[in-house]
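Here are my notes on the two-chain model. Please read them with the structure open.

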Amino acid sequence: MTKISLYQLFCGILFFQQGTTIIFGFSSGAGRDAWICTLLSTAFGACLVYLFTVLMRLQDGLMLTEWFPALFGRYVGVPIAWLYFVLFFYDASRIIADLKFTINMIMLPDTPEWAVLAMFMLVAVYMLFNGIEVLFRIAGILVPIVTALYALQIILLLSSGTMHADFLLPVAGEGWARIWRNVWPLSVMQSFGETLLFAMFWPLVVNRRKAAKVSVSVVFCSGLFLTVLNLLIITTLGEGVYKRSIYPTISMLRLISVGDFIENLDALGLMFFIVTTFFKLSFYMFGCVFAFRQLAFVKNDRRIIVPLAAVSYCVGITMSNDIVEHIQSGFEELQYYVWIPLMIGIPVLLLPFAWKKSKKLKEGT
Amino acid sequence: MPLRFKGSRDWKPDKSKDAAAAAPAQEEADGQALSGDLASDLATFKSCFDRLSDMVFREIRLAGPRKAALIYLDGMCDVGRIDTDILKALLQESTGQALKDAPVDAMLGRIDEQIVHAAQTTKDRLIGSIADHILGGKTALLLDGVKEALLIGTQKWESRSIDESPSEPVIRGPRDGFTENIRTNTSLIRRRLKDKNVKMEAMQTGRISKTQIVLVYVEGIADPKLVDEVKARIKRVDIDAVLESGYLEELIEDSPLTIFPQIMNTERPDRVAGLVLEGKVGILVDNTPFALVVPVTMFDLLEASEDYYQRFIPSTVTRWLRLWLAFSALVFPSLYIAITAFHQEMLPTSLLLSIAASREAVPFPAIVEAFLMELAFEGLREAGVRLPRPVGQAVSIVGALVIGQAAVQAGIVSATLVIVVSFTGIASFIFPAYSLGVAVRLLRFPLMIIAGTMGLYGILLALLALLIHLAGLRSFGVPYLSPVSPLRASELKDVLIRAPWWAMWWRPMETARMNPNRMKRGLRPRKPERKG
């Protein structure tokens with residue numbers, strides 16, 4: 001029986017929430033006030049994750065796609081559960097599209113993108129065959145290493161003298177409206193709202209009561225990471241570049257120069273990105289596999305790994321024509337039509353039903 | 001989960017062919033008991049040991065007069081002892097009192113108790129098992145009219161004396177290494193661990209080789225489930241011969257298709273003793289100086305026994321150095337390829353210029369260049385093991401020239417690459433466990449190919465895949481990367497550092513969960529208070 005320790009859960013969620021944001025920047029629309037934005041959305045995000053954990057506790061031992069059939073019966077519940085499968089599948093493919101543009105633009109300009117993605121997908125498929133436990137385990141190994149490199153990066157930035165604290169001023173100079181526009185819904189949904197995926201894995205954790213606490217606390221931790229990242233980017237690049245740049249982290253790391261020896265560390269940044277993206281993709285793929293196994297009554301989930309990965313590879317590679325279109329669809333349409341209803345709407349609606357049912361169960365016993 | 005080939009688990013041998021190969025023609029005689037008639041029994045044995053030129057049948061006449069015979073295998077026995085302790089004793093006694101008025105049934109007992117001067121004797125009735133004992137070096141005494149044979153332990157054969165283990169030398173630490181004689185080997189461990197709870201269970205495997213195997217473990221520390229599992233896996237082995245512990249290693253490991261060793265082999269008795277004290281099981285195999293230890297983690301394989309004998313601060317630093325060099329041995333050549341082929345901008349300008357200058361005359365792309373040199377190096381290494389001693393000098397001179405100066409001057413490879421290759425070469429020999437070193441050395445090559453096609457991105461993904469693989473491996477149920485993953489923070493004291501002995505209170509939980517307490521608390525030496 002798969003069992004995931006609390007430390008591994010912490011590391012897994014942390015990597016998942018850093019995910020692709022680590023390179024695209026977090027609420028960069030708010031310019032120099034992005035860090036305030038991050039702090040606020042961390043607070044809202046924590047509330048949202050708390051909501052998810054309450055639902056999880058009410059539906060003890062069931063995973064996300066089992067919640068709906070359990071509450072609403074087969075005819076209403078199962079179609080809703082399929083919606084989540086589609087959501088996870090779409091998000092997994094979206095990550096592949098993220099990669100498609102990033103790797104080619106920054107690291108391997110001449111390599112065909114299908115090959116770059118195919119290699120990534122192969123490693124992900126290997127991961128899927130090894131099982132969810134191994135994924136959480138390697139998260140436990142890599143989090144300390146990545147954190148150490150992150151600290152190194154901050155030290156190098158500080159010592160190369162490219163930071164200007166006055167880029168942060170004036171604080172909230174453009175008014176709170178701009179900050180608020182970025183907090184809701186974009187920043188709350190991005191990474192924090194997506195944590196709903198872990199409702200698929202919570203039943204595997206050793207101690208579910210503590211798992212809820214860990215899941216909320218990891219939001220604060222990753223909020224802190226992102227705030228520090230935002231502060232670093234703003235103070236090195238300034239508002240103008242930050243708002244315009246697609247890969248602000250990379251632009252920032254390119255400015256590192258210590259003693260004319262340590263230079264051009266964009267590879268380091270890209271390394272963070274590849275690692276965290278790999279985790280995000282793997283978690284989504286595992287979500288798909290678990291959901292599909294449960295909804296389609298597949299006995300051996302090893303059989304569906306390759307077809308699911310192949311389809312999501314094809315969807316991801318044909319999803320959008322260029323990075324601007326890709327990001328636009330993520331920031332606009334997806335927010336209002338997909339993420340908000342599925343990640344906030346349905347869970348909030350679910351709460352009274354779940355509460356009623358668990359009360360009934362308690363009375364019954 | 002490890003990959004499996006279809007049907008590999010349930011492969012069944014073809015029974016008819018097997019039996020024919022294993023059993024000699026005299027199979028039906030094996031199950032028979034002795035008849036009691038010396039002449040016919042001797043005839044049975046003679047036909048059983050047909051065409052065995054090293055088998056000796058010695059017929060004698062005791063008091064009574066009663067006929068008797070000794071059967072032994074020349075070369076496996078101490079003939080001097082047979083002469084003095086058995087033959088002389090029997091023949092002199094034949095005129096004495098012990099046998100004179102003894103009834104036939106009690107004679108063998110009298111001989112055993114009063115006449116034969118030997119520490120080890122047993123009695124047996126079955127021809128098959130008597131024959132096995134004789135082949136194992138015991139001397140059989142048959143007595144006319146008695147349906148039992150006395151088996152006397154006279155085994156002795158030529159063996160190498162105890163030497164320093166050539167594969168695991170140390171600066172500080174005991175110098176004795178295992179030999180080919182399993183009895184010597186058990187005594188080397190027994191001399192270190194004298195407690196009665198240190199069990200040495202004997203097993204046997206191999207249809208023709210009849211190899212003796214001894215399991216060493218400490219009862220009360222080792223998990224009984226683990227011991228049972230080891231026994232079950234060894235019992236499952238049904239093979240004609242086990243000539244070296246390597247046979248057994250491949251037959252009992254968890255994932256047969258991985259490049260990483262999941263079982264440790266060592267020539268050092270102190271190493272086995274140390275690991276057995278942590279709740280592991282040692283497997284000694286006769287006729288080889290290499291003992292196996294299960295289960296092991298990757299970090300066990302990265303530790304040398306000397307780490308525990310040197311002071312803890314140098315040992316800690318050595319461990320860091322070892323981890324760092326182990327990692328370099330894996331990725332250094334591929335990093336060179338990736339950076340020179342794809343990411344030149346990562347290097348400082350002056351270094352980039354000097355690398356570019358040294359590569360100017362080289363006609364090959366970086367990956368071909370690196371492959372040429374790495375292959376030459378690996379070839380030199382393998383040749384160095386295999387070559388007859390007198391030519392050693394010649395090969396090392398040629399090697400140094402070819403891989404060094406001449407290759408650079410001829411414009412075949414760049415000087416930078418020679419540095420990379422030689423550094424990697426040194427780094428690849430830092431592994432205390434040769435088997436892990438081999439794995440890393442081999443993995444370097446696929447990594448170089450990936451680096452040559454996908455640059456740093458490829459290296460990173462390949463390392464991720466490697467990590468996934470390692471995190472999924474198990475050695476007798478113990479995760480290969482424990483205690484790092486799954487994390488047991490308190491046990492990192494023996495992985496990331498080597499904690500001082502007075503702080504190593506606990507044995508590793510993964511194997512010694514039953515009895516984790518290693519020492520009394522508060523052993524840390526304190527400054528003596530000054531008197532007066």
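1. Contact between the chains. In this predicted model, 30 residues of chain A are in contact with 28 residues of chain B. Contact here means heavy atoms within 4.5 Å.

2. Buried area. The size of an interface is often given as the accessible area lost when the parts come together. Between chain A and chain B about 2700 Å² is buried, and carbon and sulfur atoms give 74% of that area. The value is the accessible area (1.4 Å probe) that two parts lose on being put together, summed over both.

3. How many salt bridges are counted between chain A and chain B? The count is zero. A salt bridge needs a side-chain nitrogen of Lys or Arg within 4 Å of a carboxyl oxygen of Asp or Glu. Three residue pairs are in polar contact between chain A and chain B, both residues at pLDDT 80 or more. A polar contact is a pair of N or O atoms within 3.5 Å; within protein, one must be able to donate a hydrogen and the other to accept it, and residues adjacent in sequence count only if both atoms are side-chain atoms.

4. Chain A's side. Four helices of chain A each supply at least two residues of the side that touches chain B: α1 (6–18), α5 (113–130), α6 (132–159) and α10 (266–295). The largest share, nine residues, comes from α5(A). By type, this side of chain A divides into 22 nonpolar, four polar and four charged residues. Ala, Val, Leu, Ile, Met, Phe, Trp, Tyr, Cys and Pro count as nonpolar, Asp, Glu, Lys and Arg as charged, and the others, Gly among them, as polar. Helices (H or I, at least four residues) and strands (E, at least two) are DSSP runs, numbered from the N terminus.

5. Confidence. The model scores ipTM 0.92 and pTM 0.89. Where in chain B is confidence lowest? Helix α1 (residues 15–22) of chain B has the lowest mean, 49, whereas strand β9 (residues 281–285) of chain B has the highest, 96. Residues 1–9 of chain B have pLDDT below 50, with seven contacts beyond near neighbours in sequence. Residues 18–25 of chain B are also below 50, with three such contacts.

6. Backbone checks in chain B. A cis peptide bond joins Val294(B) and Pro295(B), with omega about -15 degrees. Pro295(B) is in the loop between β10 (291–294) and α11 (298–301) of chain B. The bond from Ser482(B) to Pro483(B) is cis too, with omega near 5 degrees. Arg51(B), a residue other than glycine, has a positive phi, near 60 degrees.

7. Conventions. Residues are numbered from 1 along each chain as its sequence is written, and chains are lettered from A in the order in which they are written. Local features need pLDDT of at least 70, side-chain atom pairs count only at pLDDT 80 or more, and totals for chains, interfaces and linings use all residues, while side-chain values use heavy atoms, with hydrogens and water left out.

Note on methods. pLDDT is the predictor's confidence in each residue, from 0 to 100.
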